[in-house]
Amino acid sequence: MTHADFEAQVDAYLDGELAPADARALEAHLSQCVECARFRDRRLALRAAIKAQLPTLTAPDVLRQRIVHKRRFNVGWRSLAIAASLAVVAVGGWQLGFQSGAGEMLGDAVLTSHIRSLMPGHLTDVQSSDQHTVKPWFNGKLDYSPPVFDFADRGYPLLGGRLEYIDGRSVAALVYGRRQHMINVLLWPSDRGTAGPSAKTRQGYHVLHWTTRDYTYWVVSDLGLAELQEFNGLLQQAR
Amino acid sequence: MEFAAVVLPHLDAAYTLARYLTRNEADAQDIVQDASLRALKYFDGFRGTTASDGRAWFLTIVRNAVYTWGQRQGSEGRVTEFNEELHSDDVTRDPAATVDLRAALDALPLEFREVIVLRELQGLSYKEISDVTGVPVGTVMSRLSRARKRLQEALS
């Protein structure tokens with residue numbers, strides 16, 4: 001290696017970006033070469049001067065406030081208003097369709113949960129496409145360990161999971177994507193016997209509901225019904 | 001991760017970058033605000049898991065917002081691509097213009113200023129700087145080296 005090569009490496013060395021073997025070679029060279037050592041010392045002096053003269057800055061409070069404010073009440077406000085109006089119409093429609101019974105109340109809660117999840121920052125608590133990351137994330141947060149599968153190879157990638165509070169208990173919500181659409185899967189243990197699947201459509205949202213021997217599932221999305229049923233089929237087979 | 005948890009902890013870093021790149025207080029504030037709105041808009045695309053992922057992601061958006069702003073400014077904006085050769089080491093300068101480091105930094109081309117701020121002030125790795133600026137690691141290294149040489153000359 002030439003002297004110029006060593007000099008070129010000094011920056012990477014001081015930045016901690018040099019491979020260990022190269023770093024050792026450079027150190028050996030620096031111990032012998034006055035010129036390179038002087039170069040290094042000038043760089044160290046520069047670093048100290050930068051520290052002294054070029055401070056990191058603190059965002060002004062007014063800017064911080066503007067961003068927090070804007071986020072909640074400007075961008076957030078519009079989607080919130082749209083989502084809220086959808087929620088009222090959708091929930092109202094749901095109740096018209098099903099006059100009584102626990103299932104209707106749950107349908108309301110599930111649909112509201114889905115709409116709320118679409119607001120900025122609400123979609124996932126754990127963001128991962130890895131079922132082996134999402135499933136353990138629920139440990140200690142739920143009294144059951146929900147089955148989690150990724151269907152990325154079928155065009156329905158797992159995006160993450162979050163906790164929801166439905167029917168007086170914390171439940172697992174799994175989030176899947178399909179192009180620009182989000183699919184929420186809410187599931188919790190059930191001992192009420194198998195049922196479904198049944199499909200309902202309200203204000204552009206499809207809600208599928210079915211119960212296995214172990215779990216009751218709610219699947220909500222604005223995805224087309226045919227695709228959502230395809231996804232549902234994957235979910236049922238994956239068990 | 002929530003949007004707030006990803007972006008809000010890095011507002012100072014974002015502001016520092018924008019302030020040094022624009023050299024202007026009001027523009028820096030506008031850019032960081034604009035970048036935070038863009039970050040919110042594109043948050044679904046964020047796939048990171050750690051705080052430094054969030055920092056690099058948000059700083060990328062800030063940096064791009066600066067370049068967009070620069071194009072609107074016209075004077076600062078570069079119509080042509082940054083020419084690595086033109087900014088090689090042997091450019092003559094008026095020594096009086098570089099009395100202190102801040103002035104020397106402000107006098108550097110945007111492409112040099114950003115690597116100095118990202119590396120020296122914010123401690124990003126070469127790989128992270130490469131991600132934020134969209135140039136190869138080798139280019140990051142050579143820009144850093146030449147930028148430091150210029151600053152060095154201001155000191156001596």
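## Helix packing and the chain contact

Student: In this predicted model, is the crossing in which helix 2 of chain B passes helix 6 of chain B left-handed or right-handed?

Tutor: The two elements are helix 2, residues 11-22 of chain B, and helix 6, residues 110-121 of chain B, and their axes come within 9 Å of each other. As helix 2 of chain B passes helix 6 of chain B, the crossing is right-handed.

Student: How are helix 2 of chain B and helix 6 of chain B oriented to each other, roughly antiparallel or roughly parallel?

Tutor: The axes of helix 2 of chain B and helix 6 of chain B cross at roughly 150 degrees. Since angles over 145 degrees count as roughly antiparallel, this crossing makes helix 2 of chain B, relative to helix 6 of chain B, roughly antiparallel.

Student: Which residues of helix 6 of chain B make the contact with helix 2 of chain B?

Tutor: From helix 2 of chain B the contact draws on T16(B), L17(B), Y20(B) and L21(B). By class, the residues that join helix 2 of chain B to helix 6 of chain B are six nonpolar, one polar and two charged. On the side of helix 6 of chain B, the residues in the contact are L110(B), R113(B), E114(B), V117(B) and L121(B).

Student: Is E111(B) buried or partly exposed, and how far apart in space are E111(B) and L144(B), C-alpha to C-alpha?

Tutor: E111(B) is found in helix 6 of chain B. A residue needs 20 or more other C-beta atoms within 10 Å to count as buried, and E111(B), with 19 such atoms, is therefore partly exposed. In sequence E111(B) and L144(B) are 33 residues apart, whereas in space their C-alpha atoms are separated by 9.4 Å.

Student: Which residue has a positive phi although it is not a glycine?

Tutor: Most residues other than glycine have a negative phi. The residue in question lies in the loop between helix 2 and helix 3 (25-41) of chain B, and its phi is about 60 degrees.

Student: Which residues of helix 8 of chain B meet helix 1 of chain A?

Tutor: The axes of helix 1 of chain A and helix 8, residues 137-155 of chain B, come within 10 Å and cross at roughly 100 degrees, so the two helices are roughly perpendicular. The residues of this contact divide into four nonpolar, one polar and two charged. A8(A), D11(A) and A12(A) of helix 1 of chain A meet, in helix 8 of chain B, M141(B), L144(B), S145(B) and R148(B).

Student: Which elements of chain A give two or more residues to the side that touches chain B?

Tutor: The contact takes 28 residues from chain A and 33 residues from chain B. On the side of chain A that touches chain B, the residues divide into 14 nonpolar, five polar and nine charged. The elements of chain A that give two or more residues to this side are helix 1 (3-14), helix 3 (34-53) and helix 4 (61-97).

Student: How many helices and strands does chain B have?

Tutor: Chain A, with 239 residues of which 28% count as buried, has seven helices and seven strands. In chain B, which has 156 residues, buried residues make up 43%. Read along the sequence, chain B follows the pattern α-α-α-α-α-α-α-α, and its secondary structure comes to eight helices and zero strands.

Student: Over which residues of chain A does pLDDT stay under 50?

Tutor: Chain A averages a pLDDT of 79, and 83% of the residues score at least 70. Where pLDDT is low, the predicted coordinates should not be read in detail. The stretch of chain A with pLDDT under 50, for which the model has 37 contacts beyond four places in sequence, covers residues 71-100.

Definitions and conventions: Residues are numbered from 1 along each chain as its sequence is written. Chains are lettered from A and ligands numbered from 1 in the order in which they are written. This is a predicted model: local features need pLDDT of at least 70, side-chain atom pairs count only at pLDDT 80 or more; totals for chains, interfaces and linings use all residues. Axes are lines fitted to C-alpha atoms, for helices over the stretch in contact, and angles run from 0 to 180 degrees between N-to-C directions. Helices (H or I, at least four residues) and strands (E, at least two) are DSSP runs, numbered from the N terminus. Angles under 35 degrees count as roughly parallel, over 145 as roughly antiparallel, 65 to 115 as roughly perpendicular and the rest as oblique. A crossing is left-handed if the near helix is turned anticlockwise from the far one by less than a right angle, and right-handed if clockwise. Two residues are in contact if their C-beta atoms, placed from the backbone, lie within 7 Å. Ala, Val, Leu, Ile, Met, Phe, Trp, Tyr, Cys and Pro count as nonpolar, Asp, Glu, Lys and Arg as charged, and the others, Gly among them, as polar. A residue is buried if 20 or more other C-beta atoms lie within 10 Å of its own, exposed if 12 or fewer, and partly exposed in between; C-beta atoms are placed from the backbone. pLDDT is the predictor's confidence in each residue, from 0 to 100.
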